[in-house]
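User: Hi! Could you walk me through a few features of this model?

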Amino acid sequence: MTDQLNYQELAALMKKGAGLTVDPDELEKRPGAEFAEFGLDSLGLLGVVGELENTHQLALPPDADKCKTPEEFVELVNAHLTTGV
C-alpha cells in the first residue's frame, strides 16, 4: 500500500476481501455512492477491513466497517494512516 489508500487499492481490497469485482474508475467517479450500489454489504465491508488490517499489519478504527461510501472509507483510513491513531 502506498502512504494513502486510493480507489485502485480499495477496488483490489473489495475483490480480495469480499469477492467483488469493481472498476476503480467507477469508485473514483462516484465516491459518494453507497457501497451497496457497488454490491458491497456490511459483511463484505468487514472483509475489506480485515483484509486491509491483515495485509498491512495495522488496526483500523472500530467504526471503519460502518462507513457507507468509498469516499468515507478512504478518508477514514487515510486520516488513520496520517495520525496513526
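Here are some questions and answers about this predicted model.

User: How do the axes of helix α1 and helix α3 lie: roughly parallel or roughly perpendicular?
Analyst: Happy to start there. Two packed helices are described by the angle between their axes and the distance between the axes. Here α1 (residues 7-18) and α3 (residues 42-56) have axes that come within 8 Å and cross at roughly 105°. Angles of 65 to 115 degrees count as roughly perpendicular, so α1 is, relative to α3, roughly perpendicular.

User: Which residues in α3 are met by α1?
Analyst: Let's take the two sides in turn. From α1 come Glu9, Leu10, Leu13, Met14, Lys16, Gly17 and Ala18. By class, the residues of this contact are six nonpolar, four polar and three charged. On the α3 side, the residues are Gly44, Gly47, Val48, Glu51, Leu52 and His56.

User: Is Asn78 buried or exposed?
Analyst: Good one to check. Asn78 is found in helix α4, which spans residues 70-83. Beyond its neighbours within four places in sequence, Asn78 is in contact with Gln4 and Leu5. Its relative accessible area is 10%, and since buried means under 20%, Asn78 is buried.

User: What volume does the largest pocket have?
Analyst: First, a look at the lining. Among the residues that line the largest pocket are Phe35, Leu40, Asp41, Lys66 and Cys67. By class, the lining has five nonpolar, one polar and five charged residues. The volume of the largest pocket is about 150 Å³.

Notes: Residues are numbered from 1 along each chain as its sequence is written. This is a predicted model: local features need pLDDT of at least 70, side-chain atom pairs count only at pLDDT 80 or more; totals for chains, interfaces and linings use all residues. Side-chain values use heavy atoms; hydrogens and water are left out. On a 1 Å grid over the protein atoms alone, a cavity is a set of points where a 1.4 Å probe fits but cannot get out, and a pocket is an open set with protein on both sides within 12 Å along at least five of seven lines; lining residues have an atom within 4 Å of a point. Grid points are joined across faces, edges and corners, and a volume is the space filled by probe spheres set on the points. Ala, Val, Leu, Ile, Met, Phe, Trp, Tyr, Cys and Pro count as nonpolar, Asp, Glu, Lys and Arg as charged, and the others, Gly among them, as polar. Axes are lines fitted to C-alpha atoms, for helices over the stretch in contact, and angles run from 0 to 180 degrees between N-to-C directions. Helices (H or I, at least four residues) and strands (E, at least two) are DSSP runs, numbered from the N terminus. Angles under 35 degrees count as roughly parallel, over 145 as roughly antiparallel, 65 to 115 as roughly perpendicular and the rest as oblique. Contact means heavy atoms within 4.5 Å. Buried means under 20% relative accessible area, exposed over 50%, partly exposed in between (1.4 Å probe, protein chains only).
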